[in-house]
Amino acid sequence: GGNDLLVGFGGDDDLQGGQGDDNKTVAASAPASGGSASTGAAEQQAAELDKLLADSGSSRASVISAVADVKACGNLAQAATDLRDAAKQRTDLVTRLTALKVDQLPNHAALTAALTKAWQASAAADNHYAAWADQVAGSKKKSCKKGSARTTSETQAGNRASGTASAQKSQAATLWNEIAKTYGLTQRQPTQL
């Protein structure tokens, strides 16, 4: 029916905020309907993003053991170093993600936003936990009771950032797994991002 079309256009206008942008939108989406060419581009973009995601989980183990060390008041200098390295790696992932073209992928804007927020929050958490390690190292007598480190404002800030990262990773994993299914790439758990 003709009505469906009208409804569709009405919706588009709202999204684009008036007539001015319409031409651009049409021009931008025209190649996408060309079929195989865009599938190839999307597949390539998905493969590139897959490589980036393969790197993203690599510092997880060192972060977990570093935080465990801080909690146990042990190995503090090394823990702080490992955490700061992990934070650098996450920031680097955001930079690399920015450089990737993912515009052919479904929900690419939402996926990019979720990954960016997740990695920025992870980096923030790692830096807070590193600062906590420094605090504990700086006053071991005060900070360590019966072999476990006292929680400080840095710990709490780290936990909050870590919570944000987890929520964003869940969102990113859901979006990524749809793409992975389409192109036969690796599906991932939120904790692997």
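User: What makes the crossing of H4 and H5 left-handed?

Analyst: H4 passes H5 in a left-handed crossing, a term used when the near helix is turned anticlockwise from the far one by less than a right angle (clockwise would be right-handed). Helix H4 covers residues 60–71 and helix H5 residues 76–99; helices are DSSP runs of H or I with at least four residues, and strands are E runs of at least two, numbered from the N terminus. This is a predicted model, where local features need pLDDT of at least 70, side-chain atom pairs count only at pLDDT 80 or more, and totals for chains, interfaces and linings use all residues. Residues are numbered from 1 along each chain as its sequence is written, and side-chain values use heavy atoms, leaving out hydrogens and water.

User: How do you know that Cys73 and Cys144 form a disulfide?

Analyst: Their sulfur atoms are 2.0 Å apart, and a pair of cysteine sulfur atoms within 2.5 Å is a disulfide, so the term applies to Cys73 and Cys144. Cys73 sits in the loop between H4 and H5, and Cys144 in strand S1, 71 residues apart.

User: Why is this disulfide called left-handed?

Analyst: The torsion about the S-S bond of Cys73 and Cys144 is about -110 degrees, so the disulfide is left-handed.

User: Why does Thr152 count as buried?

Analyst: Its relative accessibility is 16%. Buried means under 20% relative accessible area, exposed over 50%, and partly exposed in between (1.4 Å probe, protein chains only), so Thr152 is buried. Cys73, at 9%, is buried too.

Key:
Axes fitted to C-alpha atoms, helices over the stretch in contact; angles between N-to-C directions.
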